[in-house]
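Subject: Structure for you to look at

Dear colleague,

I am passing on the structure that I would like you to read through, and below it I have written out what was found. Please keep it open beside this message while you read.

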Amino acid sequence: MTNIKKIAVLTSGGDAPGMNAAIRSVVRTSVYHNIEVLGVYRGYQGMIENDFTPLDARSVRNLINRGGTFLKSARSKDFRTPEGRKKAYENLVAAGADALVVIGGDGSFTGALLFNQEFGFPVMGIPGTIDNDIYGTTYTLGYDTALNTVVEAIDKIRDTASSHNRMFFIEVMGRDAGFLALNSGIGGGAEKILIPEQHSTLEELVSEIEINHNKGKMSNIIVVAEGDTTGKNVFELKKYVEKQNPDYDIRVTVLGHIQRGGAPTCFDRVLASRMGVKAVESLLEGKSNYMVGINNDKIDLTPLEKAIKGGESKLDPDLIRIAEIMSI
Ligand code: ATP
């Protein structure tokens with residue numbers, strides 16, 4: 001065991017459902033082990049601006065069911081500078097913290113790793129992002145909730161699409177990764193799914209739509225990840241397909257930020273609780289520079305460096321095949 005007496009916790013980067021549940025878990029696990037907790041508001045910027053609050057087991061009541069993050073999140077330019085990080089370190093030490101849990105994405109982990117390298121300050125990461133694009137964990141916090149939000153939206157759009165024989169392009173989040181698009185597309189019964197990991201052309205898209213039409217499919221749901229490169233964006237896809245087939249009634253829905261909000265699913269709440277316990281207990285065992293993840297339903301640790309640099313995409317190619325089979 002180490003002599004850590006106070007753990008600081010912050011949320012950074014894009015918010016994700018389940019972040020509150022993770023903060024709650026970090027706080028309650030620390031209290032359970034007689035460790036004090038310092039909440040940091042607004043991510044790294046709050047560390048630089050001394051925006052701290054003491055947290056105890058009761059300060060995190062009624063939080064497990066709430067989306068977003070009550071500690072607020074931020075993107076901090078100052079933390080990218082050595083001066084900013086030095087100030088953050090001095091403030092943390094002055095506040096008595098001797099370890100830090102960072103809940104965020106790979107950018108936040110890059111900052112955490114630098115912070116450790118520069119000051120030897122123990123850090124532990126918890127992956128929180130709806131995109132699920134972090135190496136070293138099968139699931140990130142918020143992904144399952146976002147997935148269910150998207151499927152619910154697709155179901156609703158399908159009702160109107162089939163009532164009017166319309167085609168819908170539905171844009172979902174995922175600038176670099178197609179997890180949300182691929183899984184929500186399968187779950188929502190999409191006729192076609194476009195993801196950044198699999199390039200297709202506008203001509204191929206039109207010909208597939210044509211084939212579907214000839215098969216008697218009157219409505220079409222096409223799920224498009226933000227980062228897909230078939231067209232510049234969903235509006236261009238609509239324009240192109242419309243030009244080739246002026247008879248089609250095509251609509252576009254960009255789901256946008258509703259995908260980030262909402263109460264976390266039970267899966268994300270349990271995952272957050274498990275990850276928070278592991279993060280705190282690993283710090284207390286003297287470990288640092290790791291990200292907590294879930295693999296084969298076991299909570300484990302991946303070096304932050306590996307989580308940041310990534311490896312091969314963890315997107316299962318078999319899912320692409322399943323999506324194709326399901327849409328015949
Ligand atoms: P999301 O997946 O939602 O984008 P993220 O954690 O990757 O989450 P970023 O905006 O990339 O989000 O990073 C969050 C914060 O982490 C940045 O605003 C910055 O303060 C810090 N950070 C990111 N990259 C670095 C870096 N190279 N050096 C120092 N700090 C960094």
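D106, D133, D176 and E197 together form a negative surface patch. Patches of this kind are made of residues with over 30% relative accessible area and no salt bridge, with like charges joined within 9 Å and nonpolar side chains (Val, Leu, Ile, Met, Phe, Trp, Tyr) within 5 Å. (Buried means under 20% relative accessible area, exposed means over 50%, and partly exposed lies in between, with a 1.4 Å probe and protein chains only.)

Before you go further, please note that this is a predicted model, in which local features need pLDDT of at least 70 and side-chain atom pairs count only at pLDDT 80 or more, whereas totals for chains, interfaces and linings use all residues. Residues are numbered from 1 along each chain as its sequence is written, and side-chain values use heavy atoms, with hydrogens and water left out.

Turning to the salt bridges, a search of the whole structure finds 14 of them, each being a side-chain nitrogen of Lys or Arg within 4 Å of a carboxyl oxygen of Asp or Glu. In one of these, the side chains of E118 and R85 meet at 2.8 Å, N to O; E118 lies in helix α4 and R85 in helix α3, so this pair ties together parts that are 33 residues apart in sequence. (Helices, H or I with at least four residues, and strands, E with at least two, are DSSP runs numbered from the N terminus.) E118 is partly exposed at 35% relative accessibility, whereas R85 is buried at 5%. Another salt bridge joins K232 and E236 at 3.6 Å, N to O; here K232 is exposed, with 70% relative accessibility, and E236 is partly exposed, with 26%. D249 also forms a salt bridge with R251, with their closest N and O atoms 3.2 Å apart, and salt bridges that share partners join R42, E49 and D51 into one network.

How many aromatic pairs does the structure hold? There are 10, where rings of Phe, Tyr and Trp (its six-membered ring) pair if their centres lie within 6.5 Å, and planes under 30 degrees apart count as stacked, over 60 as edge-to-face and the rest as tilted. Y139 and Y143 form a stacked pair, at 6.3 Å centre to centre and with 15° between the planes. Y139 also forms an edge-to-face pair with F267, at 5.2 Å centre to centre and with 85° between the planes. Since Y139 lies in the loop between β5 (123-127) and α5 (143-164) and F267 in helix α9 (residues 266-284), that pair ties together parts that are 128 residues apart in sequence. Y139 is partly exposed at 33% relative accessibility, while Y143 is buried at 3%.

Finally, N132, which is placed in the loop between β5 and α5, has a positive phi near 60° in a residue other than glycine, and N132 is buried, with a relative accessible area of 2%.

Notes: Accessible areas come from the Shrake-Rupley method with a 1.4 Å probe; for residues, only the protein chains shown count as cover. Lys and Arg count as positive and Asp and Glu as negative; His and the chain ends are not counted. The place of a charge is taken as NZ of Lys, CZ of Arg, CG of Asp or CD of Glu.
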